[in-house]
Amino acid sequence: MTDNTPTVMITGATAGLGRALARDLVAGGRRVLVHGRDGERVARLAAELGPRAVPCTADLSSLDEVERLAAEVRGLTPRLDVLVNNAAVGFGPPGQTRQTSHDGHELRFAVNYLAPVVLTRALLPLLTATAPARVLNVGSVGQAPFDPAEAPYYDAYQGVTAYRRSKLALAAFTFDLAEELRGTGVTVNCLHPAGFMDTSMVRESGVRPHSTVAQGAAPALRLITDPALTDVTGEFFDGFFPGRARPEAYDPGFISRLRSVTDQVTGRVEIPDGVCPYTFRSAQGVLPLAGAAANGSLPVGGGVTFRLKGAS
């Protein structure tokens, strides 16, 4: 296998759609970087798929882990033809209460949105150097509107709504990044692969599966491999067909507010100490958080501790 071997990275590759894609892409002669949170499961998958599968382990609920994963990928391969942001936290079981990530963010917003943003941006130099290259964000037609300043989502929490908010954010990021990268040879698209595929994530939510994993894998493989789609960017696909995200995902005002919050939360923009990154310079004004601890942890409502990026 030479360095000219087309290379694909798939997050969340140990089960469901990600596993099916990894299997098919390896069978088609591609090198596939298979990611998962559980190192043993990732190693077993790579061994099962053979030498073209390269294991990568990281907990995407930690943005530091996401950055470390990106650094690992840059060290593992001199090229990256396709990045598939597939890993996600689903609705959770019925009655799911609010959960937080390693960094204190609402869990679904962190894993389903913030992690893909940080990983994609960290891998853009590699993707650009490999161009033509592609980013495929695995999204959903199930989206819910929200104010980016209220992304922490404390009131009337529901796992299904949190999931749908994160998928709206991911679609908006797709369109925003596609415009940013236009002309670079790197395309960015978002795909709803199929409705309620038969995966553990869907079954956990108590929803009866409506489609098979194979039905979702087919349109994803098309967006990953079809030469006819080399120049297609900034699109939302519903299976094999062009689709539409919620109107907010195309709204310049929403995209701008989401980008601002995201840059602040992920540390791309510095904010004053003791200020909430979700509300800084938002319509609500600057909202300082009281009782900042010496170690950088800031208590937020509901007993959750929010840790600013860079705190020890």
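The questions and answers below concern a predicted model of one chain.

Me: How many helices and strands does the chain have?
Reply: The chain has 312 residues, and 54% of them count as buried. Among contacts with a separation of 6 or more, 66% join residues 24 or more positions apart. The secondary structure comes to eight helices and ten strands.

Me: Is helix H1 parallel, perpendicular or oblique to helix H7?
Reply: Helix H1 covers residues 16-27 and helix H7 covers residues 213-225. Their axes come within 9 Å and cross at roughly 55°. Angles under 35 degrees count as roughly parallel and those from 65 to 115 as roughly perpendicular. The angle of this pair therefore makes H1, relative to H7, oblique.

Me: Is the crossing of H1 and H7 left-handed or right-handed, and which residues of H7 make the contact?
Reply: The crossing of H1 with H7 is right-handed. On the H1 side, the contact uses Gly16, Leu17, Ala20, Leu21, Asp24 and Leu25. From H7 come Val213, Gly216, Ala217, Ala220, Leu221, Ile224 and Thr225.

Me: How many nonpolar, polar and charged residues does the contact of H1 with H7 have?
Reply: Gly counts as polar in this classification, and the contact includes Gly16 of H1 and Gly216 of H7. Asp counts as charged, and Asp24 of H1 takes part. By class, the contact has nine nonpolar, three polar and one charged residues.

Me: Which elements do the buried residues of H7 pack against?
Reply: H7 has 13 residues and spans 18 Å between its first and last C-alpha, close to the 18 Å expected. Its buried residues are Val213, Gly216, Ala217, Pro219, Ala220, Leu221, Leu223 and Ile224. In an α-helix, residues three or four places apart point the same way, so spacing can be read against 3.6 residues a turn. The elements packed against by the buried residues of H7 are H1 and the strands S1, S4, S5, S6 and S7.

Me: How many nonpolar, polar and charged residues are in the contact of H3 with H4?
Reply: H3 and H4 cross in a right-handed sense. H3 contributes Leu63, Val66, Glu67, Leu69, Ala70, Val73 and Arg74, and H4 contributes Leu114, Ala115, Val118, Leu119, Ala122, Leu123 and Leu126. The contact divides into twelve nonpolar, no polar and two charged residues.

Me: Where is the cis peptide bond that involves Pro132, and what is its omega?
Reply: Most peptide bonds are trans. Pro132 sits in the loop between H4 and S5. The cis bond joins Ala131 and Pro132, with omega at about 10°.

Me: Is Tyr153 buried or exposed?
Reply: Tyr153 lies in the loop between S5 and H5. Its phi is positive, about 55°, although the residue is not a glycine. A residue under 20% relative accessible area counts as buried. Tyr153 has 8% relative accessibility and is therefore buried.

Me: Is Ala156 buried or exposed?
Reply: Ala156 is located in the loop between S5 and H5, and its phi is positive, near 50°. The cut-off for exposed is over 50% relative accessible area. With a relative accessible area of 70%, Ala156 is therefore exposed.

Conventions:
Residues numbered from 1 in each chain as written. Predicted model: local features only at pLDDT ≥ 70, side-chain atom pairs only at ≥ 80, totals over all residues. Heavy atoms only, no water. Axes fitted to C-alpha atoms, helices over the stretch in contact; angles between N-to-C directions. Helix = DSSP H or I, 4+ residues; strand = E, 2+ residues; numbered from the N terminus. Parallel < 35°, antiparallel > 145°, perpendicular 65-115°, else oblique. Left-handed = near helix turned anticlockwise from the far one by under 90°. Contact = heavy atoms within 4.5 Å. Expected span 1.5 Å × (residues − 1). Buried < 20%, exposed > 50% of the residue type's maximum accessible area, 1.4 Å probe, protein only.
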